[in-house]
Amino acid sequence: MVTVDRGRGHRVFQWVNGVILTGVVIVTLYPFVNIVARSLSDENAIRSGQVNLIPRGFTFTTYEYVVSDPTFWTNYRNTVVYTVVATLIAMFLTTCYAYVLSKKDLKGRTFLIGIAVFTMFFSGGLIPNYVLITSLGMKDAIWAIVLPNAVNVFNLLIMKTFFEGLPAELEEAAAIDGMSTYGILLRIVLPLSKAVIATMLLFYAVAFWNSWFAAFLYMSQTDLFPVTIFLRNLIAGATGASSVGADAMDLTVAANIKSVTMVLTILPILGIYPFVQRYFITGVMLGAVKG
Amino acid sequence: MYQVNRRQAMLAMGAFVVLAGCGDDGAKKKTDDFSANRTGAMTDYGPGKQFKATAPLSFTVLYNNHPFYPMKKDWLFWSELGKRTNVTIQPSVVPLSDYENKRSLVIGAGDAPPIIPKTYPAQETPFVASGAILPVSEYLDLMPNFTDKIARWNLKGDVDTLRQADGRFYLLPGLHQDYWVDYSLAIRTDVLDKLGLAIPETWDDLHTVLKAMKQEYPDSYPMSDRWGVPTPGGSLLNVMGLAYGAPGGWGYRNGVIWDDTTQKFVFTGASEPYKQMLQYLGTLVKEKLLDPESFTQTDDLAIQKLVSGKSFVISSNAQSLVNEYRPPLAKANPKATLVKIPVPVGPLGPVKAGHHITRLENGVMISKKARDSKDFVAMMQFIDWLWYSDAGEEFAKWGVEGVTYTKDGPGAYKPAPDVDIVGLNPKAPKHLQKDFGFANGVFAYGGTTELLESTFSDEEKAFQKVMNARKALPVEPPHPLTDEEREQATLWETPLKDHVTQNTLKFILGKRDFGDWDAYVKELEGMNMPAYLGLVNGAYERYKKQHG
């Protein structure tokens with residue numbers, strides 16, 4: 001009897017679950033499909049509000065237009081370069097830092113954690129940061145984007161927790177067999193940490209791909225901007241009619257150009273996500289179990 | 001990861017601007033000693049003269065990058081400018097989306113380029129206290145074209161509105177020869193024809209027209225307006241405010257307006273004309289002539305209602321009429337005709353500009369550091385030529401005669417056959433802004449009416465002709481606040497503005513009865529309105545005594 005009851009309860013739960021999650025999927029997917037439909041539609045159809053989920057006045061011309069803009073591709077390339085370099089640097093630094101912190105007998109460990117956590121709550125402020133980066137000569141260089149944000153404390157703590165959870169006996173055994181500290185890290189610990197590494201990669205890569213603020217602060221040449229700034233500017237140009245007495249000659253950017261740029265910008269992330277996702281799920285649970 | 005959101009950014013900038021007030025203002029140089037700053041300068045520069053630096057110079061400019069014509073290095077504008085003036089511009093490119101933030105940041109961090117264009121009047125005020133920008137009014141001797149235009153076009157009163165409490169101004173504004181009205185209402189003239197009605201000339205006429213439209217199409221709201229986000233009634237209350245003498249919406253500014261009869265500033269949101277304006281709109285909403293969503297819906301939604309024939313009247317400017325309304329409307333209903341009508345006349349009679357409207361356009365700030373550079377004089381001459389001489393303005397807007405445009409007689413500009421601008425040559429393969437860099441909002445604005453209207457269509461010129469014939473009220477007198485006063489004023493201004501905005505909507509939408517008006521004014525008084533007015537009028541009196 002008990003099992004049947006539980007089965008029925010379970011089925012109801014499954015049902016409710018299914019309904020709610022379907023709702024979530026629709027809510028998440030709708031704006032997405034809408035953007036894709038707009039990107040394939042005729043400008044006038046969008047203006048008159050006919051485009052919803054299916055493209056009206058189907059056309060590829062806007063894609064051709066955006067793709068033929070060299071600035072778009074320069075900025076796209078920048079985003080790729082910034083993301084790859086920044087993620088590699090961030091992974092290297094975060095892994096090293098986290099591994100060190102996971103050693104409970106490390107002298108000054110509390111202090112090292114302390115200075116990291118301190119930056120979660122306090123920062124120098126915008127202008128001091130700007131002055132610092134500028135006087136380090138990093139303005140208009142890739143370093144201004146990839147260095148200041150290299151260690152994310154939240155990610156650092158997740159990684160530290162993961163390393164702490166690995167059985168110490170493994171490392172001891174390796175040490176007894178004559179392995180050096182670096183050998184242990186490279187050959188024992190990292191191969192066992194694929195889940196957390198994949199998660200961190202995803203966290204960092206997505207964050208760097210989407211970021212625009214650092215580039216906005218420190219870059220002053222169009223061909224150094226990432227594609228996020230290109231996109232942000234387009235959207236502002238399409239909605240910027242509110243400045244009174246603005247130049248009558250400044251036209252707005254067509255609505256479908258916005259959509260096309262958005263689609264092209266999210267495509268790579270969209271392509272990578274499903275493949276990293278299974279690591280991601282294991283990885284993201286880590287912090288939850290052990291604090 | 002360390003991330004800064006916009007609010008934090010603004011806070012940080014604000015804090016810095018205040019701190020920077022304690023900067024080094026002590027070592028003041030004599031303003032008229034230019035012996036060390038004359039590199040490249042012309043000795044015989046004057047109005048109507050072509051500026052050409054005697055040595056090659058280069059100036060950095062904070063460049064507002066417009067997404068419609070993103071900056072390109074191979075623009076004819078850059079090379080031709082170099083040829084004519086011997087000056088190279090180094091643009092420090094900032095996306096339009098965040099231009100204002102970046103401008104605050106670089107000025108605050110002391111890293112601003114010498115030339116900071118695209119600054120609207122009053123936007124320079126927060127930087128004055130920091131001492132980071134130059135009081136340009138002290139250096140007008142170096143700018144013969146600028147001073148010449150002010151004298152010839154009688155712009156002294158307009159420019160005086162820029163003066164700060166110290167009697168100086170810190171922004172070189174763009175100058176218009178005449179007032180320029182762009183925003184008005186667009187109306188479906190085919191519907192008017194069908195109903196046998198003429199184009200409404202006054203706001204009362206409009207009421208009649210809307211009623212007739214409602215009778216014919218009972219299911220529709222004849223008027224559904226846009227430009228309500230983020231300022232409710234941004235354009236409508238601004239345009240109507242002109243006719244009533246009580247600017248709301250985009251024209252609300254600090255909430256005060258000059259009253260000619262009492263020779264004092266009064267609080268707009270509590271004034272009789274403002275009440276009348278709201279009563280008018282309240283009637284429209286009550287009779288279901290004006291869509292109550294007009295003040296909150298997105299522009300796209302309002303346009304969709306117009307295009308699908310659910311509404312017939314909407315706020316418009318010249319560009320939105322041609323670009324945003326007509327093409328989709330023509331597709332949805334080929335017989336529909338939409339026209340931008342001259343601003344309807346209200347209680348003030350035919351006016352084109354109220355006391356609060358000047359003929360100033362966005363302009364240029366100069367970084368204080370530039371004063372000490374070797375080529376300061378040449379830089380001022382260069383700015384004077386490019387932004388304020390007839391030749392410079394013509395060049396910035398139209399480019400090179402024979403290459404990008406042709407001209408037969410004064411004001412008769414035509415783009416070259418292979419060049420398009422604002423749809424004048426829609427089939428042309430090249431674009432004056434995108435491919436040549438002219439008519440660029442950073443460099444080209446203001447100037448003579450002739451030049452301004454040279455890109456207008458015939459119907460827009462007709463609109464301008466009607467509007468230009470109307471009278472302009474004299475510009476309000478200067479009333480600059482000191483730093484401490486400004487801080488105090490901001491504390492009072494913000495809640496007052498919020499209260500006015502909220503109640504404006506309540507009165508219009510019928511959520512509050514006009515019998516409550518006195519109670520509403522009392523509420524404003526409880527929020528320090530009299531003290532605020534006292535501050536503003538005190539500043540006006542003080543300025544008049546000291547500088548008037």
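Student: Which strand order does the open sheet of three strands in chain B have?

Tutor: Strands of a sheet pair through backbone hydrogen bonds, either parallel or antiparallel. Here the order is S8-S5-S9 of chain B, with antiparallel pairing. Strands (E, at least two residues) and helices (H or I, at least four) are DSSP runs numbered from the N terminus, and two strands pair if DSSP finds at least two bridges between them. This is a predicted model, in which local features need pLDDT of at least 70 and side-chain atom pairs count only at pLDDT 80 or more, while totals for chains, interfaces and linings use all residues. Residues are numbered from 1 along each chain as its sequence is written, with chains lettered from A and ligands numbered from 1 in the order in which they are written.

Student: Which strands of this sheet stand at the edges?

Tutor: Strand S8 (313-316) and strand S9 (338-341) of chain B do; each has a single partner strand, so one side of each lacks a neighbour in the sheet. Strand S5 (residues 184-188) of chain B pairs with S9(B) over four bridges, and B:Ala186 stands opposite B:Lys340.

Student: How many bridges join S1 to S2 in chain B?

Tutor: Nine bridges join S1 (residues 57-65) to S2 (residues 87-95), and these strands of chain B run parallel. The chain passes from S1(B) through helix H2 (residues 76-85) to S2(B) in a right-handed β-α-β crossover. Right-handed means that, with the strands pointing away from the viewer, the path from the first strand over the helix to the second runs clockwise. Within this pair, B:Phe59 stands opposite B:Ile89.

Student: Where is there a cis peptide bond, and which residue of chain A has a positive phi?

Tutor: Most residues other than glycine have a negative phi, and most peptide bonds are trans. The bond from B:Val229 to B:Pro230 is cis, with omega near 0°; B:Pro230 is in the loop between helices H8 (203-216) and H9 (234-244) of chain B. A:Asp140 has a positive phi of about 60° and lies in the loop between helices H6 (126-135) and H7 (143-146) of chain A.

Student: How many residues does the largest nonpolar core have?

Tutor: A nonpolar core is a set of buried Ala, Val, Leu, Ile, Met, Phe, Trp, Tyr and Cys residues joined through C-beta atoms within 7 Å. A residue is buried if 20 or more other C-beta atoms lie within 10 Å of its own, exposed if 12 or fewer, and partly exposed in between, with C-beta atoms placed from the backbone. The largest core has 114 residues, and its largest share, 11 residues, comes from helix H13 (residues 376-388) of chain B.
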